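Have the viewer open as you read.

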Amino acid sequence: MADYAFREIEQRWREHWARTGHDQVDWDSDKPKCYCLSMFSYPSGDKLHLGHWYNYVPADTWARYRRQRGDNVFQPVGFDSFGLPAENFAIKCGVHPGAHTAENIAFIREQLRTLGPMYDWRSELATHTPEYYAWTQWLFLTLFENGLAYRAAQPVNWCDSCQTVLANEQVDDGVCERCKSEVVRKNLTQWCFRITRYADRLIDNLPALDWPEETKKKQTAWIGRSHGAEVVFAARPADGAAAAGGGERLPDGSLALRVFTTRPDTLFGVTYLALAPEHPLVDALTAEAHRGDVAAYRRQSARLSEVDRQSSDRPKTGVPTGATAVNPVNGEAVPILVADYVLAGYGTGAVMAVPAHDERDFAFAAALRLPVRQVILPAGAAPGAPHQEPLEEAWTGPGLMTASGAYDGLDSEQGARRIVADLEARGLGRATVQYRLRDWLISRQRYWGAPIPIIHCPSCGEVPVPRDRLPVLLPEDVDFRPRGKAPLASSEAFMAVDCPGCGGPARRDPDTMDTFVCSSWYFLRYPEPGLRDAPFRYETLRKWLPVDMYVGGADHACGHLIFSRFITMVLHDLGLVPVEEPFARLRHQGMITRDGEKMSKSKGNTVVPADYLERYGTDTLRAYLMFGFAFAEGGDWTDEGIDGIWRYLNRVWRLVDAVLEDRSPAGDAPVDAAAMTDEQVAARWPALRLVLHNSVRGCTQDLERFQFNTALSRLMELTNALYHYCGRERPPRSDGDFHGALAALVQMLAPFTPHLGAELWRKLGREGSVFDHPWPVWRDEYLVADSVTYVIQINGKIRERMEAPRDADVGQVERDALAHGRVPELIGAGPVRKVVVVPGKLVNIVV
């Protein structure tokens with residue numbers, strides 16, 4: 001018997017597939033299209049870790065399965081190759097990031113091939129190549145020319161170590177996600193994309209997407225659409241405040257301080273106003289006696305990320321300005337404070353604080369000993385004065401208004417509508433919608449990225465680089481070590497340029513784009529990565545979009561996935577792409593851990609795929625990654641688990657080998673296989689057929705649901721059934737039923753273990769590729785056994801078992817039971833007093 005020589009088999013089939021173009025999509029096929037895509041990798045190192053395998057292998061298994069279902073499958077591959085890690089490595093090692101990136105891509109490309117993936121390598125792309133980033137710059141200009149890219153001064157997250165701006169998504173608990181250094185807030189002039197114009201569509205389209213519900217919830221919360229009202233308070237600076245500064249003035253000369261609230265029904269409970277430290281009116285409203293404290297507080301707040309400032313675990317802090325504001329509903333003057341839990345970018349940057357009915361306001365009021373006034377009673381409570389005892393926590397739900405003047409007794413919804421209408425009539429409020437989402441800040445003060453294609457001219461202002469002059473190439477003569485300014489600014493040859501408009505001397509923009517811009521459209525480029533005169537063609541994308549299955553980490557929910565949706569919507573609105581949503585279906589992989597902990601080199605608990613490839617081969621590692629874990633959840637890696645899969649694949653190999661050598665596979669038969677009765681032998685095809693059709697149905701449905709572990713379990717059940725069928729005998733070559741079931745097992749195993757599947761298919765003498773042979777089909781009428789097993793009891797004790805047709809009537813079951821096996825002998829001569837038949841289960845004979 002031949003051994004399962006996985007090394008030779010896997011190498012031979014990889015070479016065969018590469019030589020014959022087996023994995024290449026047929027662009028002219030009229031089969032249904034299937035665009036399957038894994039999030040492309042960042043080549044920051046020269047090795048694929050286990051997380052890469054856990055993303056790519058299941059996605060490839062699904063793609064192969066869809067090919068067997070008759071789809072024309074396109075599964076491309078590429079590299080997200082611009083970004084900070086390569087630049088930081090270059091700085092550390094004194095090499096150019098381009099050289100380091102190219103070397104890593106070469107290494108990773110070869111490692112990707114060892115996965116056995118069905119990638120169409122003709123469509124490979126890398127975002128750092130001029131052939132690609134020329135079109136990333138084209139994308140910037142497209143947004144710029146349509147009013148969706150602009151430059152403005154605003155507070156940003158700044159990493160001193162990386163010397164660059166970070167998006168909110170790149171700040172993790174107040175530190176840079178890349179270098180783990182502290183992030184501070186500072187004002188810089190930056191380029192932004194107007195993603196906020198698409199906030200409603202980004203939310204409203206979500207229900208129709210086949211995406212994980214948790215990801216939809218995250219995006220909805222990140223966009224943060226809030227329906228409420230804008231209310232105008234009359235701010236009165238204290239003596240000595242710089243009130244003569246800018247700001248909107250009300251008829252009485254006071255400053256208009258606009259706040260946004262989702263709870264106008266609580267306006268009578270306002271006891272203070274809180275401004276974000278960055279609010280433009282802070283200087284104008286702060287009294288001379290408080291200037292030192294406010295300035296120090298603003299410096300302190302600048303060292304905190306917005307995530308930290310919003311954390312519920314962080315103690316609430318703030319300082320008074322000395323100014324007051326008049327509540328428009330009751331004329332009461334309340335103090336104005338500066339508090340870092342208020343964000344400049346959300347709403348108006350000012351909060352009307354109602355401690356009795358907002359948890360953060362309550363915590364702030366408790367910390368600074370500010371008044372708490374209850375103006376909403378729980379539903380069902382009697383209207384009237386609020387409870388006098390101090391509240392132990394904020395009541396945040398709706399209810400009945402109280403201590404609210406003419407609005408007492410109204411429920412929250414009615415009261416809110418009336419208050420907003422009354423304020424609007426006075427010019428002091430209006431209904432509105434606010435969003436947590438801010439415009440996408442895309443400027444980066446780093447070298448290794450796509451240069452922003454804008455020229456700054458003293459006469460013409462911001463001038464786009466003409467499209468026929470793209471790409472704006474990254475210069476080589478750049479000192480990209482962090483020096484507090486954009487590295488491109490150090491290259492005079494790059495910066496100095498003639499203005500395309502007037503011809504006068506001008507300067508290039510020194511910033512590069514956020515690498516999220518590069519990855520926001522790469523899936524549009526894949527079908528034609530070599531296209532020279534356009535980034536993509538509408539007609540091509542009309543055939544291939546949307547992506548049918550997108551697979552990657554859930555950590556991209558509020559970054560890449562939102563940005564890609566935004567860019568696709570923009571291009572769709574401009575008539576450049578045929579769809580407004582890029583990814584029809586999305587699946588996230590979980591995390592594989594070791595002893596319950598996240599793997600890391602510092603903990604010494606990493607799993608190195610190369611070690612297991614040497615011992616077990618690609619197919620065993622692939623199968624274990626899909627059998628040992630629920631895909632969306634992950635779990636703990638165990639060496640015992642992969643060893644069990646190795647034994648199973650060898651068991652399948654030996655079964656096929658035994659059949660081909662015309663001998664019994666009894667050495668692997670289950671213990672009870674040799675003890676089959678004549679009845680069992682006679683009924684063995686219906687029993688195998690039952691398992692076969694249930695396995696086909698289960699495996700098919702599980703693969704569609706990305707439930708790879710249970711799909712493989714179905715195949716293990718079928719393998720056992722095939723061994724049972726053989727027993728101690730060898731199946732005759734003429735036994736078409738058995739050989740058909742065996743072929744079906746190989747077909748369904750092939751997407752999981754492609755090299756082994758291809759080899760066994762060839763050994764069975766089947767024509768063509770196993771991946772081009774139609775997927776097995778189940779029949780509903782064979783999902784239920786033709787017969788059932790009855791337990792036969794005599795006076796309540798189990799004595800025998802018998803098989804009977806599922807549709808046998810009660811009388812026939814009774815007669816067969818009385819005559820079955822040892823039953824006549826056990827009954828003896830005594831009279832049978834009663835026979836009770838429970839259909840499909842048991843026969844109880846009372847003598």
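Two strands count as paired if DSSP finds at least two bridges between them, and strands (E, at least two residues) and helices (H or I, at least four) are DSSP runs numbered from the N terminus. The model is predicted, so local features need pLDDT of at least 70 and side-chain atom pairs count only at pLDDT 80 or more, while totals for chains, interfaces and linings use all residues. Residues are numbered from 1 along each chain as its sequence is written, and side-chain values use heavy atoms, without hydrogens or water.

Start with strand β31 (residues 787-794), which pairs with β32 in the antiparallel sense over eight bridges. Here I794 sits opposite K797 of β32. Both strands belong to an open, mixed sheet of four, ordered β32-β31-β34-β33. Because β32 (797-805) and β33 (834-838) are the edges, each with a single partner strand, one side of each is left without a neighbour in the sheet. Helix α26 (residues 810-818) packs on this sheet and touches β31, β32, β33 and β34 (842-846), where contact means heavy atoms within 4.5 Å.

Now turn to helix α4 (residues 97-114). Its buried residues (under 20% relative accessible area, 1.4 Å probe, protein chains only) are P97, G98, H100, T101, N104, I105, I108 and L112. They lie on the same side of α4, because they cover an arc of only 145° around the axis, taken from the directions from the helix axis to the C-beta atoms. Their cover includes α2 (50-68), β3 (78-79), α3 (84-93) and β4 (125-126). After α4 comes G116, with a positive phi near 70°.

Methods. Axes are lines fitted to C-alpha atoms, for helices over the stretch in contact, and angles run from 0 to 180 degrees between N-to-C directions. Buried means under 20% relative accessible area, exposed over 50%, partly exposed in between (1.4 Å probe, protein chains only).
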